[in-house]
Amino acid sequence: MKYERELLKGSTDTLLLSLINRQFTYGYKIIKELEKGSKGYFQFKEGTLYPALHRLEKAGLLEGKWQRLPTGQERRYYYITARGQKALAERMAVWQNFSAAVAMIMQPASS
Amino acid sequence: MSANSSYADNLKHHLRLDTAVENCVVREIRDHIEDKKHELIESGLSEKEASTAVTRFMGSPELVARQIYEVYSQGSWVQAIFAALPHLLVAAFFALHWWQSTLWLIGILVAVIGGAIYGWSHGKPAWLFPWLGYCLMPVIAVGILLVYLPGGWAWLAASAYIPLVLLIVFSVTKKIARKDWVFASLMLLPVPIMVGWILALEGQHGFLSYEQLYEFAPLIALSFAVLALTVASFIRIRQRWLKVGVLLVLEILVLAIMALSGKSSINPGGWVGLVLLALILILGPALLEKYLRRADTKSLNLSRKSVR
């Protein structure tokens, strides 16, 4: 649905910051976490995750670092920066106010 | 070729970014594809089915490449000013009548060559290409000026020199188009303007006179100031199609300024010729890049076959 897609587009950055704020992680795991955490609601075209991660990195909200695993394989892990944490706190406050206001209109308390 | 390398190659083909960034992105996505493929094989799919499914899960490589390009394609304001600087120097050269002094001419030439060498040896950033364009200008200008030599010498000298100039310009353009064709367009941007002004100032008795140059100097300065604005916008814009659009529209605007200037010697046919030249120089590198990439793919396939 177009409306759902637009909502997701507007919330992708906040979702990613929120997830990476809990624990540093890498692209493939982010997709899995988003899917699992939302009980299958968030399903991305997996390639389109990377433009969002790189955009947040370029904006200084995330930092990507290559790390070698004990298996010898290398992965690019994303860490949230101090600036990213600040942006996340601001976005979450906006989101809470917004969703509370939407709820007040859509589900008015019975008088 | 596996779905993994085919997807990654396709992505790389469309990225057109700085090599370090490009390698990092491709490597990251290649790892993701490997993880996903592994997961699908563990869930019971065959390797071939898993490869096909991964490509579907990843989405269009063209779209992913375009979105990543737009993350990195916007230069800073400092880069925009750096890119506009050679055009601004030429604009000032005419606006402030520096052309009356050989010292200023030498000074600007040295600055342009210095800027180009610095950019070339520091990773060839986007701001380098207008500087590089002006390094080619004296070579092109001499070719045009040779036509104005007296008697039969003109065509004799020009017929030897012009093919040499074309060869130099083509080989530099080819090298840059391998990196990204829009940079070649950016480099060649002032060529139609310079050729246009030389033709516009052509007097009845041959080449331009001192008085004519005085009269046209503000307009020439304006045209190069518009070019400065064009390249600054190019650097700041993220979308590729918009970058090319800005180059085309503003270049044609400058040519229109030139044609509408009172005593210009350019007739409508000449103006159409200049517009065509601008179109060839701005869009031609795209065809050149396509040709070069096709040739590269062919030779890569041949060498893969011979290894097998």
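**Figure 1. Helices H5 and H6 of chain B pack against each other.** Helix H5 (residues 77–95) of chain B and helix H6 (residues 102–121) of chain B pack at an angle of about 175°, and their axes are 11 Å apart. H5(B) is therefore roughly antiparallel to H6(B). Angles over 145 degrees count as roughly antiparallel, those under 35 as roughly parallel, those from 65 to 115 as roughly perpendicular, and the rest as oblique. Axes are lines fitted to C-alpha atoms, for helices over the stretch in contact; angles are taken between N-to-C directions and run from 0 to 180 degrees. H5(B) brings B:Pro86, B:Leu89 and B:Phe93 to the contact. H6(B) brings B:Trp104, B:Ile108, B:Ala111, B:Val112 and B:Gly115. Residues are in contact if their C-beta atoms, placed from the backbone, lie within 7 Å. By class, the contact has 7 nonpolar, 1 polar and no charged residues. Ala, Val, Leu, Ile, Met, Phe, Trp, Tyr, Cys and Pro count as nonpolar; Asp, Glu, Lys and Arg count as charged; the others, Gly among them, count as polar. This is a predicted model, in which local features need pLDDT of at least 70 and side-chain atom pairs count only at pLDDT 80 or more, while totals for chains, interfaces and linings use all residues. Residues are numbered from 1 along each chain as its sequence is written, and chains are lettered from A and ligands numbered from 1 in the order in which they are written.

Figure 2. Along the sequence, the pattern is α-β-α-α-β-β-α. Helices (H or I, at least four residues) and strands (E, at least two) are DSSP runs, numbered from the N terminus. The C-alpha atoms of chain A fill a box of roughly 65 × 30 × 20 Å along the principal axes. Chain A has 111 residues, of which 23% count as buried. Buried means 20 or more other C-beta atoms within 10 Å of the residue's own; exposed means 12 or fewer; partly exposed is in between, with C-beta atoms placed from the backbone. Among contacts in chain A with a separation of 6 or more, 44% link residues 24 or more positions apart.

**Figure 3. Three strands of chain A form an open antiparallel sheet.** The strand order is S1-S3-S2. Strand S1 (25–26) and S2 are the edge strands, each pairing on one side only. Strands pair if DSSP finds at least two bridges between them. S1(A) and S3(A) are joined by 2 bridges. A:Thr25 has A:Tyr78 in S3(A) as its bridge partner. Between strand S2 (residues 62–68) of chain A and S3(A) there are 7 bridges. Here A:Arg68 has A:Glu74 in S3(A) as its bridge partner. S2(A) and S3(A) form a hairpin with 5 residues between them. In the turn, A:Gly72 has a positive phi of about 95°. H3(A) lies across S2 and S3 of chain A and runs at about 115° to S2(A).

**Figure 4. Helices H1 and H2 of chain A cross at roughly 105°.** The axes of helix H1 (residues 2–22) of chain A and H2(A) come within 11 Å. The two helices are therefore roughly perpendicular to each other. A:Leu15, A:Leu16 and A:Leu19 of H1(A) meet A:Ile30, A:Glu33 and A:Leu34 of H2(A). This contact has 5 nonpolar, no polar and 1 charged residues.

**Figure 5. Chain A is in contact with chain B.** Here 13 residues of chain A contact 15 residues of chain B. On the chain A side, helix H2 (27–37), helix H3 (49–58) and strand S3 (74–80) each give two or more residues. H3(A) gives the largest share, 5 residues. By class, this side has 3 nonpolar, 4 polar and 6 charged residues.

**Figure 6. A:Lys39 and B:Arg16 sit in loops.** A:Lys39 lies between H2 and H3 of chain A. Its phi is near 55°, a positive value in a residue other than glycine. A:Lys39 counts as exposed because it has 7 C-beta neighbours inside 10 Å. B:Arg16 is found between helix H1 (3–15) and helix H2 (19–42) of chain B. B:Arg16 also is not a glycine, and its phi is positive, about 55°. With 18 C-beta neighbours inside 10 Å, B:Arg16 counts as partly exposed.

Notes
Contact = placed C-beta atoms within 7 Å.
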